[in-house]
Amino acid sequence: MNKSDKIRQTITKFIPQIILLILVIFFTIMNSRFLSQKNLISVVRQVSTTGIACLGISCLLITGELDFSMGALYAFTGVFTASVYAKTGLPIYLIMLVSLICAALISCFTCWITIQFNVPRLIISIAMQTAINGLNVIISGNKTLYGLPDNIKWIGQGYIGVVPISTIIFIALAFVVAFMLNKTYLGRYIMAVGGNNEVARLSGINTKKIKYITSAIAAVMAGLAGLVAMSRTFCGSPTAGGSISSDIISAAVLGGVSIMGGQGKTSGLVTGVIIIGALNVGLNMMNMSSNAQDIFKGSMLVVAIVVDSLTKSRRAKSKRHE
Amino acid sequence: MENTILEFKNITKEFPGVQALKGVSFDLKEGEVLALLGQNGAGKSTLVKCLTGANVPTSGTIRLFDHDYEMITPKQAKENGVGAVYQEQNLAENLPVVENVFMGNLPGNGVIVDYQEMLRRAQEIFDSFGVDIDPKASIASLSPAKGQIVEIAKATAQNLKILILDEPTAPLTTKETETLFSIIRKLKAQGVSFIYISHRLEEIFEICDRAVVMRDGEYEGETLIKDTSREELIKMMIGRDLGNYIPDREDISTDEVVLKVEHLTGNGDHDISFELHKGEILGFAGLVGAGRTELMEMLFNKEPHESGTIEIKGKPFTGKQPWDAIDQGLALLPEDRKRTGLFLNFPVGFNISLPSLKRFSKLGVIDKKQEEECIDSFCQKLQVKTPNYQQLAQYLSGGNQQKLIVAKWLATNSDIIMFDEPTRGIDVGTKHEIYMMIDELAKEGCSIIIVSSENEEIMGLADRIIVMSEGEIAGSLSKDQYNKEVLLDLASGKR
């Protein structure tokens with residue numbers, strides 16, 4: 001291996017970090033307030049909710065399954081909690097727990113259809129997204145639901161020092177996921193299933209079980225992110241999901257999780273999430289309209305996937321040469 | 001046969017960090033079948049890719065029909081009548097045969113395709129080959145052997161002068177191989193030249209005129225086939241005497257039955273009954289498609305069986321999933337090791353420890369030290385050649401990949417090991433190592449099943465051979481009954 005190969009390898013390894021650096025420089029030039037403390041905290045807070053959801057979807061992406069229904073589940077937990085609380089007045093934390101369990105069950109249902117009928121998860125999840133969004137509208141009566149109890153405000157609005165509590169939750173979960181992926185056999189199994197499902201099965205791994213587990217993890221994390229967002233906005237909105245699905249997939253792919261499965265590191269992932277957060281805040285500061293921002297973010301997903309595919313094919317090429 | 005139509009002159013090829021070809025020169029004559037021999041990594045594929053235009057040589061010239069080329073583009077290769085058929089098919093699965101034959105070369109006036117003309121010409125080619133293929137059938141409905149003939153037809157349809165065959169017989173049965181050879185002879189009589197790459201030396205002696213041997217990217221020598229012997233060719237390829245190619249085995253199997261299969265039916269097989277003893281190497285011979293791979297898949301629970309019973313060490317076999325089979329001491333080394341045996345994109349260590357991880361884990365957390373000790377001990381034991389355990393499995397040679405899979409199963413404490421075509425695509429020197437390893441495993445008390453289509457291999461290694469034909473057991477031979485003709489007759493259902 002010569003020097004230029006080594007340099008190229010290093011660059012490939014740090015693509016997410018490099019993209020982030022370029023963005024930060026760009027936004028700082030456009031507006032010097034971008035690096036102010038107040039603004040950075042805003043980025044970090046922004047990042048925390050999508051970040052939690054992104055940690056979850058990444059586990060699923062690593063097994064090689066692409067799922068676009070997480071945005072709908074993100075809105076679901078908030079709407080469900082606000083609605084049930086308004087109607088029954090049951091303990092709020094209990095309702096939140098039940099909403100997470102429901103989200104996990106819905107996602108496992110998506111997984112069941114995919115496995116049972118051998119159809120692509122991508123398509124089923126798009127259908128499920130539509131269905132869950134419909135459910136959200138019905139549950140909420142197509143209104144934003146207020147009237148949540150004050151004792152849940154701390155989750156989305158509290159701070160320890162200058163650090164938002166939601167950020168602390170995100171960081172803690174990032175460590176948990178990193179630990180799970182790197183140190184436990186469940187993590188290895190997830191990698192293995194994404195690497196080659198059939199080889200994994202023939203190595204004695206219950207590949208279906210792994211897919212159910214990761215489906216549940218993804219849904220619980222997306223739901224949890226939805227609850228944090230609910231606590232911050234202090235309402236449950238059926239449209240809260242917005243562009244979450246594509247945001248978290250963009251963040252994961254930018255962070256080096258391959259949509260073909262089998263690859264992904266938590267460190268890259270966190271960078272990916274920060275990129276998306278920086279984009280959101282930076283574009284807002286430039287007074288870009290939300291529609292224009294959507295164009296920009298859509299393009300970001302395209303770029304992310306192209307980069308993923310390019311690094312893959314380059315690796316394949318260098319392999320063929322040996 | 002005297003006209004030289006192709007000459008490689010001092011071809012070198014460098015890839016980043018590797019010199020794959022180091023000044024190779026030889027020639028090819030009109031109407032000649034030239035065997036290009038060498039171990040994996042000797043540079044055979046790199047060289048022929050310089051001829052098809054897939055590779056650009058770093059230096060040297062290729063003289064093709066009185067023109068010197070510093071590099072050949074795929075288009076020039078095609079125009080000069082250079083065709084290639086690789087082990088993996090290169091056809092559009094969902095299109096009919098005829099479309100594949102004329103792909104990129106459709107007859108007609110440039111706007112409208114003359115479909116009738118296409119059908120007629122395709123039929124003509126297949127008739128001249130003496131094979132029965134319907135030009136309208138889709139590729140997906142053909143056997144791999146017929147697919148390969150379609151590939152040859154595709155090359156023939158384009159003014160074929162030189163045909164490269166890279167391991168063409170790997171997926172073929174004996175009879176299909178005969179058909180292929182008769183096609184080669186017919187084309188040869190028409191003046192077509194062949195570059196024939198194969199690890200199966202028996203075939204070289206049957207079909208080739210001359211052999212060029214390469215080693216480590218260099219031209220090692222050449223010889224007329226009629227003037228040489230198997231041993232001499234092997235020596236040229238690996239650069240030393242191998243001594244005893246297949247180890248002399250003493251039958252050390254005991255009376256203890258470790259695997260007892262009775263009336264097993266399913267996955268295309270009918271009423272299979274046999275016993276495997278401790279320390280025995282049991283061979284399964286037969287033609288490709290005789291149902292041997294299918295039997296292994298059932299035993300390993302890769303595919304379900306419909307009826308019949310399996311007993312392991314006197315206890316009925318339970319469970320319906322591969323992990324149940326693994327728990328009961330079974331291991332399968334599949335035929336297609338790259339696609340179903342290994343995680344090519346993952347490190348060596350990952351591959352070895354994966355099925356045993358639960359043993360090294362406390363509360364789900366992997367004990368890294370125990371894991372490393374395990375990986376280390378089995379790599380040492382089987383002498384897996386790898387710079388470190390972080391190396392990706394794809395960079396290992398075929399033989400080392402095979403050892404890697406064995407290491408993985410030994411780590412799970414498996415003692416009934418099923419090898420499905422253990423030396424497919426593996427070169428001569430490494431084959432020897434694999435044979436030694438299998439012999440060693442049996443000596444240590446493992447019981448082994450080998451499925452192989454190479455008669456020499458199976459007669460050399462196995463203590464007893466069961467021959468299968470069309471999903472049933474056709475017969476069983478003990479060591480003193482071994483005989484190639486008998487094997488072949490049983491396999492083709494003549495006895």
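## A buried threonine in chain A

Thr77(A) is buried, with a relative accessible area of 0%; buried means under 20%, exposed over 50% and partly exposed in between, using a 1.4 Å probe and protein chains only. Thr77(A) sits in helix H4 (residues 70-88) of chain A. Helices here are DSSP runs of H or I with at least four residues, numbered from the N terminus. Leaving aside residues up to four places away in sequence, Thr77(A) touches Ser99(A), Leu100(A), Ala103(A), Gly223(A), Gly226(A) and Leu227(A), where contact means heavy atoms within 4.5 Å.

## About the model

This is a predicted model, in which local features need pLDDT of at least 70 and side-chain atom pairs count only at pLDDT 80 or more, while totals for chains, interfaces and linings use all residues. Residues are numbered from 1 along each chain as its sequence is written, chains are lettered from A and ligands numbered from 1 in the order in which they are written, and side-chain values use heavy atoms, with hydrogens and water left out.

## The nonpolar cores

A nonpolar core is a set of buried Ala, Val, Leu, Ile, Met, Phe, Trp, Tyr and Cys residues joined through side-chain atoms within 4.5 Å. The largest one has 157 residues, and those with the most contacts inside it include Leu259(B), Phe274(B) and Phe284(B). Helix H3 (residues 37-62) of chain A gives the most to this core, with 11 residues. A second, separate core has 51 residues, among them Ile139(B) and Leu165(B).

Take a look at Phe284(B): among the residues it touches, not counting those up to four places away in sequence, are Phe274(B), Arg292(B), Leu295(B) and Met468(B).

## Where the chains meet

In all, 26 residues of chain A are in contact with 32 residues of chain B. The area buried between chain A and chain B is about 2,700 Å², of which carbon and sulfur atoms give 64%; buried area is the accessible area (1.4 Å probe) that two parts lose on being put together, summed over both.

The rule finds one salt bridge across this interface, a salt bridge being a side-chain nitrogen of Lys or Arg within 4 Å of a carboxyl oxygen of Asp or Glu. Glu371(B) forms a salt bridge with Arg188(A), and their closest N and O atoms are 2.8 Å apart.

## An exposed serine in chain B

Ser141(B) is exposed, with a relative accessible area of 54%. Ser141(B) lies in the loop between helix H4 (115-129) and helix H5 (144-156) of chain B. Ser141(B) and Val97(B) are 44 residues apart in sequence and 9.8 Å apart in space, C-alpha to C-alpha.

Definitions and conventions:
Helix = DSSP H or I, 4+ residues; strand = E, 2+ residues; numbered from the N terminus.
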